[in-house]
Amino acid sequence: MVENMDNFELAPPVDLSHHFSAVTKRRVASKIKAFYKYFTIPGIANLAGGLPAPEYFPFDDLEAKSALPHRFKPTSNTPVDPPSASKKHKHNAYLNDPTQTRVTVPHASSQPNRLERIDLNTALQYGTAQGYPPLYAFIREFALTRLHPNIPYKDGGEVILTCGSTDGFAKILECFTNIWTPDSGKPLSEREGLLCEEFAYMNALQTARPRGMSVTPVAIDAEGMLAYGHPKCLYNVLSNWDVEKDGGKRPHIIYTVTMGQNPTSGLLSVKRRKEIYEICQKFDVLIAEDDPYFYIQFPHAANDFSQKHRNGQIVSMNHFAENNLNYQTSLRVPVRGIVKNSNGYPCTTTRMRKGKSSGSEFLDSLVPSYLSIDVDGRVIRMDTFSKTIAPGCRLGWLTAQPAIIEKILRITETSTQQPSGFVQSLVAEMLIGPDKYDFASSGKGSEKPAAGWKMDGWIRWLEGLRGNYERRMRIMCEVLEEGKYVATSGPSQADLQEQEVQARTRRLVQGVQAARRQRLNRVIACSYARTNAAELANPTIPSTTIQDFKSTPDDDDAFEVLTKTQIYDFVPPMAGMFLWLHLRLETHPLFSSFPHDQFSHALWIFQTRDPYKVLVAPGTMFAPTQEIQDAKGWQYYRLCFAAVNENDIRAISENFVKCCHDFWQIKDKKVIQDMLDEDESGQVSERVQELMKEGTWTVSPVMC
């Protein structure tokens, strides 16, 4: 029940400084950076900073043609009929309206307010670690008022710009963990640890391991991390922690991708988030939420596909059934706050607060971040422009409680300082546009001056991207669904008849061996004659073996037995850019002839050959531990439907399916062994390099 919030003041976030690393606790503000706030005083003569003269910067301006925010068609936030890409019409994901404009960053802007000025004089100069002021202000408004309008602690969160999520996560670890090595002399009980999903993005884990951190996976399902109900769910991992057995002290940080989980494409529901958050409160754990795919959510499309092809089942019961639910206004979060009692004295209490809208139907339709339930301030969220603008921008931001952002700021001052000024100014100009002082000069020739996307345009761009990726996801799912069974041939009907007769005869012979020789001969002769005649007249074939027959033109009785065999399965992606394919290699006739990981690798090699030429990411790449890699990593492939042109996604998916079908027809062990030997010789690596040069891959397996 939602309670009255009148005269109720939200409590500040919890003090989490006890989690800061020893180095972080000793960090103080940069004395040089402290001067920067004085640089903005109008008309001040600056003789303090060691700043190069901006008139000597060799760039007169920075200019680019850029998209308009309505370039791509969105999909509905409340779908009834699934969107589909037409096979006949190319570029159906594009609108017919003009979709391009020109963006110009001048060398010097006429804007008198330095905090609003976008020009090369300021962007290429030394700047504040928080980020380029105009872009920082835009991102802060987007993050705190549109993306996370319901952060449940006093004054909400704060943001700082980063050089992408990898940089952001490295700074989180620097902020909250101490380096440990076996020869450091520190006891095992001081070794830091990191929790993550059972399959996880390995670049993040590779940031943690060199610091000496233990990495502990938590069990997952189609949504993502499991809170309860599994031997290795989050609650059991934390409550049963043993320093000696688990290799260090109980972890106080979770690294998690909750929307479009990489690699499994899971989408963590609000219900599950609340369960996990309560466990983190109990065990005092921080949540590092990496969310590059927040805008690529399509649980309706996934559930619709699953119901159609999985006998009415949906991907997850925890996601809403109604298509028109507003996630933000549907939030119900118990928040701490201060009210005055009947005597007028302030007292602390908890009330159930209702969420408020972001002001965007699209954003309201998305599952919200952990920040929306973060009453303690224990969530540090990573966002990036890598999937919304371009990975090469190396630009993103962190959102967390102000005390944490302040420490990240100190780390940034003595490391990266801030992202590239070229990138920040160009992105700022595209999003914000020129102000009244520079608008007239922002066009070129007869071109209309760029007005900037503004906040609504930025959100519309995200909505169009979601629509395009959803269409690609549906195409790949349709092709893979159609091809997940293969017809494998068996012995002919005549062969089966003969085998059955011989088997029955052997059993009769073995059953009467103790009888006398004279009588045994008569019994065998009579029994064989009766059995042979009966079986030839009424052949009996096991019904589980024969599912289809294929006759030859020359002999109607020479049937070939075809068995319908499942070769893989998958859960329709609810978010993100990936499809997590579960191989059913145990159904292959040669599966038991090779070690499981080698047999899976042979299929991977087979895919890189002509005529298939498809490159996917093996599941072993995403296994956080050797145990998971050996036990189940080889059973999975990650396919990226985002990496291929929409007009090619169907053909490439069909190539993948054909490859799997052909692989299941291999009956000769030598063929498999030759593929593995070819890999040892280095030929496969050369072929993969050629595939990547051609751009004909389903995923760039390492970087995304």
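**Figure 1. Overall fold of the predicted model.** The protein has 23 helices and 19 strands. Helices (H or I, at least four residues) and strands (E, at least two) are DSSP runs, numbered from the N terminus. This is a predicted model, in which local features need pLDDT of at least 70 and side-chain atom pairs count only at pLDDT 80 or more, while totals for chains, interfaces and linings use all residues. Residues are numbered from 1 along each chain as its sequence is written, and side-chain values use heavy atoms, with hydrogens and water left out. Of the 704 residues, 51% count as buried. Buried means under 20% relative accessible area, exposed over 50%, and partly exposed in between (1.4 Å probe, protein chains only). The accessible surface comes to about 32800 Å². Carbon and sulfur atoms hold 51% of that surface. Areas come from the Shrake-Rupley method with a 1.4 Å probe; for residues, only the protein chains shown count as cover. Among contacts with a separation of 6 or more, 75% join residues 24 or more positions apart. Contact means heavy atoms within 4.5 Å.

Figure 2. A nonpolar core is a set of buried Ala, Val, Leu, Ile, Met, Phe, Trp, Tyr and Cys residues joined through side-chain atoms within 4.5 Å. The largest core has 166 residues. Phe142, Leu234, Leu480, Leu581, Phe663 and Ile672 touch the most other members. Helix α16 (residues 454-482) gives the most to this core, with 13 residues. Leu480 touches Tyr568, Phe570, Leu579, Leu581, Leu639, Phe656 and Val657, not counting residues up to four places away in sequence.

**Figure 3. Lys387, buried without a salt bridge.** Lys387 is found in the loop between β11 (379-384) and β12 (396-400). Lys387 is buried yet has no salt bridge. A salt bridge is a side-chain nitrogen of Lys or Arg within 4 Å of a carboxyl oxygen of Asp or Glu. The nearest side chain of opposite charge, Asp290, is 7.7 Å away. Lys and Arg count as positive and Asp and Glu as negative; His and the chain ends are not counted. Lys387 touches Pro292, Tyr293, Tyr295, Leu465 and Met577, not counting residues up to four places away in sequence.

Figure 4. The structure holds 34 salt bridges. In one of them, Arg273 meets Glu289 (3.1 Å, N to O). Arg273 lies in helix α10 (residues 270-283) and Glu289 in strand β8 (residues 286-290), so the pair ties together parts that are 16 residues apart in sequence. Arg273 is buried, at 1% relative accessible area. Glu289 is buried too, at 0%. Salt bridges that share partners join Arg273, Glu289, Asp291, Arg381 and Asp383 into one network.

**Figure 5. The Lys232–Glu627 salt bridge.** The side chains of Lys232 and Glu627 pair at 3.6 Å, N to O. Lys232 lies in the loop between β6 and α8 (234-239) and Glu627 in helix α20 (residues 626-631), so the pair ties together parts that are 395 residues apart in sequence. Lys232 is partly exposed, at 45% relative accessibility. Glu627 is exposed, at 55%.
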